[in-house]
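Here's a short tour of a protein model, written for someone new to reading structures. Take a look at the sequence and the 3D view first.

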There are 2 protein chains.
Amino acid sequence: MRGRTLILRNTGLFEGIEDDEMDTMLKCLGAFTRRYAKDEFLFRRGDRTDCLGVILSGNVLEIREDWWGNRTVLADVGKGQAICTDYACTSDVLDISIVSTMPTEVMYLDVGRAANVCNSSCEFHNRLVKNLMRSLARMSLGMNRRLDQLSKRSTREKVCAFLSDQARAAGSSDFIIGMNRQEMADYLGVDRSAMSTELGKMQRDGILEFQRNHFVLK
Amino acid sequence: MRGRTLILRNTGLFEGIEDDEMDTMLKCLGAFTRRYAKDEFLFRRGDRTDCLGVILSGNVLEIREDWWGNRTVLADVGKGQAICTDYACTSDVLDISIVSTMPTEVMYLDVGRAANVCNSSCEFHNRLVKNLMRSLARMSLGMNRRLDQLSKRSTREKVCAFLSDQARAAGSSDFIIGMNRQEMADYLGVDRSAMSTELGKMQRDGILEFQRNHFVLK
DNA sequence: ATCAAAACGTTGTTTTAACAACGGATACGA
DNA sequence: TCGTATCCGTTGTTAAAACAACGTTTTGAT
C-alpha cells in the first residue's frame, strides 16, 4: 500500500492530506482497484461512470472515433495519471473509449462520494474537494492555452503563442523547452521542417534567438 | 433581487437550490457586486483572485497578449456567463486580461468559501460544490472536443470532427447546426470559401448531404 | 575515440488552403 | 411586390504549408 500512496500523491488529489489519513479517505471514496490485460477496453463510448481512475501501473490510450469511424488518439495516459475525471464529475456519457496498451492496474475513486460530506470524521474532505476542483481547473487552464495556440492560423503565430507560454511558465524570456522539434511540431499541429524553417526566419527577423532547445525572446 | 436570481441560475451553479435559499447561499459565498464603466479593466494579466464573477449585465472580453504584444480575444462573455472560474479555483496568476466593452455589472462569489462547509445551516453546500465541479468538468469536456477539431491538419478532417460532434450532440446523424458558414469557419480556424468548397466535395464523395444548415451524415 | 542513431536545419517540389471576386439564392423590411 | 442585404457556393489566383530528401551536428553507447 506504500507504493500506491506515492502514486496517488502524484495526482495532486491528496495534497494536504497525511499519509495515515489516506486509507480512511480511500474507504470514504469507495476506492477499489481493477486489473486489465493488454488491449482490453476500460470504457467504451456510450458508457457512464461515477468514478475517476488513477493508473497505478501500465498504460492506456484515450481514443475518439468520428461518425465515419476515423480514430484519433487523444491522450496517452500512464502511471500516476487520471482518467475519466470530467465524465465522473458531469455524469455525462463518454464520447471516447479507453483501451489498455499493456497489462494495467487502475484504482477507481467515486467522485460523487467525494463531494458529499461523509458521516465519519473526514475533516480532510474539504481538502479533497478543493484539490479535485483545482485539478479540474488546472486542466482547463492548460487546454485554454493549447486552444490559443492551435486556433492560430499560421505556423509563425502558433510558434509565437507557444513560446510566449513557455516563457511565462519559465518566468523568463530566456528559457529551455523540454520538447524536441518533432514533439513541438506535433503539439502545434504543423510540419517539423516547415516549423524549423519558420524558426530560422524568426531568428533572422530578430524577434528571437535560439540554439537547440535554448530560446531567448526579444 | 429577483432578476439576479434568474441570471445566476443561468450559470448552472445553483441547480437544485431553492430560490428562498439563494440569499443565504450568496451571503455564505461572500457575494458582492461591482460596476464597471465601458473599456474598464476588470482584471489585468498578473492579478490573482479567489472569486469567480458572474456577468449580471453588460459584456466583457477575455484578452491574451503574447510576448511581442500581439493580442487575441479569447472569449466574448455576456450576461449570465462566468469569468475567472479557473483562476479562482487554482489561485493561479491570471495570464489573461478582462476588459468591459460596455457598462457592466458583475457579481463575485468566493470559491474558497464554497469549498468549505460553513458553520451555519448550509445543507446546500454539497450541492453547490457538485455544481461547480460539474461546471468545470463541462467546460473541460467542451474544450476537449474543440481541441480534437482544431488539432486536425486538413480542412476536411476539421469539418468531419465538427460535424460528428454536432451529430452526437443532436443524438442523430440528421441535424441542424446553429451557425452560419462564416461562424463555422471561424470556429474551425479555416477560410469560409475553402470550407464551402470542401463541403461540396464531401457531398459529391457521398459522405454527407446538406442544404443550408441541415446536415445528414452517411 | 569511434560508430550509429537521432535530431536539426536546409532546399526544391508538390499539395493545400487562403484570398479575392462574383453570381445566384434566400430572407426581410419597406 | 420590390429592393436590399446577407448568405452561400464557385472559380481562378496567390500564398503558405506539407512533403521528401539530404548533409551536418549532436548524442550516447561501446
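What follows goes from the whole chain down to single residues.

## Ground rules

This is a predicted model, where local features need pLDDT of at least 70 and side-chain atom pairs count only at pLDDT 80 or more, while totals for chains, interfaces and linings use all residues. Residues are numbered from 1 along each chain as its sequence is written, chains are lettered from A and ligands numbered from 1 in the order in which they are written, and side-chain values use heavy atoms, with hydrogens and water left out.

## Chain A at a glance

Chain A has 8 helices and 11 strands. Both kinds of element are DSSP runs numbered from the N terminus: H or I over at least four residues for helices, E over at least two for strands. Along the principal axes, the C-alpha atoms of chain A fill a box of roughly 65 × 45 × 30 Å.

Of its 218 residues, 49% count as buried. Buried means under 20% relative accessible area, exposed means over 50%, and partly exposed is in between, using a 1.4 Å probe and protein chains only. Now for contacts, meaning heavy atoms within 4.5 Å. Among those in chain A between residues at least 6 apart in sequence, 67% join residues at least 24 apart.

## Two copies

Two copies of a chain are related by a rotation about an axis and a shift along it. Here, a rotation of 180° with 0.0 Å of shift puts chain B on chain A, with an RMSD of 0.0 Å. The two copies are thus related as by a two-fold rotation axis. The superposition is by least squares on the C-alpha atoms of residues with pLDDT of at least 70 in both copies.

Which residue of chain B comes closest to the rotation axis? That's Ser140(B), with its C-alpha at 2.7 Å. The copies meet through the same surface, because 100% of the interface residues of chain B are also interface residues in chain A.

## Helices that cross

In chain B, helix 7 (residues 181–188) packs against helix 8 (residues 192–204) at about 100°, with the axes 9 Å apart. That makes the two helices of chain B roughly perpendicular, a label for angles of 65 to 115 degrees. Among the residues that meet are Met184(B) and Leu188(B) from helix 7 and Met195(B) and Leu199(B) from helix 8.

Over in chain A, helix 6 (residues 155–170) and helix 8 (residues 192–204) cross at roughly 75°, and their axes come within 10 Å. Helix 6 and helix 8 of chain A are therefore roughly perpendicular too.

## Residues worth a click

Start with Phe32(B), in strand 1 (residues 32–36) of chain B. Phe32(B) is partly exposed, with a relative accessible area of 40%.

Most residues other than glycine have a negative phi. Ser91(B) isn't a glycine, yet its phi is positive, at about 60°. You'll find Ser91(B) in the loop between helix 3 (85–90) and strand 7 (97–100) of chain B. Asp39(A) also has a positive phi, near 60°, and its place is the loop between strand 1 (32–36) and strand 2 (41–43) of chain A.

Methods:
Axes are lines fitted to C-alpha atoms, for helices over the stretch in contact, and angles run from 0 to 180 degrees between N-to-C directions. Angles under 35 degrees count as roughly parallel, over 145 as roughly antiparallel, 65 to 115 as roughly perpendicular and the rest as oblique.
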